[in-house]
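Dear colleague,

I am handing over the structure that you will be working with, and below it I have set out what was found in it. Please look at it first and then read on with it open beside you.

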Amino acid sequence: MDRRACLRGSLACTAGSAWAGFCAGFWPGAALAADPVDPFEGDPFKSFQWPELRKEFLGAAAKTRFDPRVRVLGPAFAEDPMNVPITVSADLPGVQRLIVLVDRNPIRKVLELQPLAALPTLSFRFKLEQASPVRALALTAEGVWHVGGTLVDSAGGGCTVAGGARADAGWTQTLGQVSGRIYGASLAGNASDSAARLRLRIMHPMDTGLVSGIPAFFVSKLAVRDGADRELLRIQTFEPVSENPVFSFEFATAPAGPLRIVGVDNNGNRIDSRIDGPPP
């Protein structure tokens, strides 16, 4: 073999490798084929918890799409980590389920709403243990989970300190009591579609079970029924929902009253209350 030809080939190979490395350093797309699989699975927050959350709560085969039409509105910094206000909404047709997850909470699933005859919009307060992405995941009829979120910063500790509800010696006497009202105007995300808003407050300590000596004790299921006993919505709630929870639900058509609120907590205590009156 011609020694000089062999040397030229070797130099060309070395130069080509060097140029490829230079390109990869300045233009990451040049080395795209050699990059490992995205560990964040496209998550805009680049959270290492996201792939695990997706598999745990949606299933390994779930189809997901990060979608700006799923909105999560909350404070940039939570001054009170035991009462973080949040509004979630999905401007999508045919939403069947709406789940709220918090990546870095010790208990990461906050609630799950089945809108049924309500709009896929919900306002409430929750406990935040540390700074974290807060996500809403909306399942539509075609079987795709549409995902939106926001980042909420916090000094933390909201899930692991005792709440104030038990400080009232009479809290057991008001346990499960419901107060509420139907409003004719919306304050939430889908305001243009909303004809009525239902605001509920349920007296309950909503203990996480993460405070020494206080076991988990929380409202687990709620449903809202109209005057004809038609189910308007169902909601599953979990330990991270704030004590004495307040929920706001939206409706495209004002529901016929009186409304009946039924539910149960994880100890089997029943909730059954009525809210009278049409929107003002």
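Cys-159 counts as buried because its relative accessibility is 2%, where buried means under 20% relative accessible area, exposed over 50% and partly exposed in between, with a 1.4 Å probe and protein chains only. This is a predicted model, in which local features need pLDDT of at least 70 and side-chain atom pairs count only at pLDDT 80 or more, while totals for chains, interfaces and linings use all residues. Residues are numbered from 1 along each chain as its sequence is written, and side-chain values use heavy atoms, with hydrogens and water left out.

Cys-159 sits in the loop between strand S9 (144-154) and helix H3 (171-174); helices (H or I, at least four residues) and strands (E, at least two) are DSSP runs, numbered from the N terminus. Leaving aside residues up to four places away in sequence, Cys-159 touches Asn-105, Pro-106, Lys-127, Leu-128, Glu-129, Thr-208 and Leu-210, where contact means heavy atoms within 4.5 Å. Asn-105 is 54 residues from Cys-159 along the chain, yet their C-alpha atoms are separated by 7.7 Å.

Next come the cavities. A search of the whole structure finds 2 cavities of 30 Å³ or more, a cavity being a set of points, on a 1 Å grid over the protein atoms alone, where a 1.4 Å probe fits but cannot get out. The largest cavity holds about 110 Å³ of space, the volume being the space filled by probe spheres set on the points, which are joined across faces, edges and corners. It is lined by 15 residues (those with an atom within 4 Å of a point), of which Val-161, Ala-162, Gly-163, Asp-207 and Thr-208 are the closest to its centre. The second largest cavity holds about 40 Å³, and its lining consists of Ala-162, Gly-163, Ala-165, Arg-166, Pro-205, Asp-207, Ile-214 and Glu-243.

Finally, there is a sheet to look at. It is open and antiparallel, with 6 strands in the order S2-S4-S7-S14-S11-S10, where two strands pair if DSSP finds at least two bridges between them. Strand S2 (70-73) and strand S10 (178-183) are the edge strands, each pairing on one side only. S10 pairs with strand S11 (residues 196-202) in the antiparallel sense over 6 bridges, and Gly-180 stands opposite Leu-200 in S11.

With best wishes

Terms used. 1 Å grid on protein atoms, 1.4 Å probe; cavity = no way out; pocket = protein on both sides within 12 Å on 5 of 7 lines; lining within 4 Å.
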